[in-house]
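Here's a quick tour for anyone meeting this structure for the first time. Have a look at the model, then read on.

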Amino acid sequence: MLLEHQVSDEVGILYGLEGYEDFSRDNRGTFQNGRQLVDYTDISLFSEAKWKAAFFNLHAGLRYEYHSAFSSSFAPRIALLRSIGDWNFKLLYSRAFHNP
């Protein structure tokens, strides 16, 4: 699910929610948990703000992710963007979580 809100001509905010349910069955043997069936839940909430200034654009975002088997994580992101003629420049800081 995604929701976008344009606060003004210069500022926009994006909100989102994602959810996944993964499962697998192995009829020939068992998984590490000793069962023939495993299932995982992955839920993410995120938000991003975009600000268009006179000389640059700033994007800042937050993402929270919960995984039923591997715990949860919090990932910030910030980007500074600038276009000069045909050239585009981006300075970016971000953290991420990847399920093992």
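Strands here are DSSP runs of E with at least two residues, and helices are runs of H or I with at least four, numbered from the N terminus. By that count the protein chain has zero helices and six strands, so along the sequence the pattern reads β-β-β-β-β-β.

Keep in mind that this is a predicted model, where local features need pLDDT of at least 70, side-chain atom pairs count only at pLDDT 80 or more, and totals for chains, interfaces and linings use all residues. Residues are numbered from 1 along each chain as its sequence is written, and side-chain values use heavy atoms, leaving out hydrogens and water.

Here are some values for the whole chain.

| Property of the protein chain | Value |
|---|---|
| Box filled by the C-alpha atoms, along the principal axes | roughly 60 × 25 × 20 Å |
| Share of the 100 residues that count as buried (under 20% relative accessible area) | 16% |
| Accessible surface (Shrake-Rupley method, 1.4 Å probe) | about 7900 Å² |
| Part of that surface on carbon and sulfur atoms | 58% |

Now for the surface. Met1, Leu17, Ile43, Leu45, Leu62, Tyr64, Tyr66 and Phe74 form a nonpolar patch with about 790 Å² of accessible area together. Patch members have over 30% relative accessible area and no salt bridge, and nonpolar side chains are joined within 5 Å; a salt bridge is a side-chain nitrogen of Lys or Arg within 4 Å of a carboxyl oxygen of Asp or Glu. Strands β3 (37-52) and β4 (57-67) each supply at least two of the patch residues, and β4 gives the most, with three.

How values were computed
Patches are made of residues with over 30% relative accessible area and no salt bridge: like charges are joined within 9 Å, nonpolar side chains (Val, Leu, Ile, Met, Phe, Trp, Tyr) within 5 Å. Buried means under 20% relative accessible area, exposed over 50%, partly exposed in between (1.4 Å probe, protein chains only).
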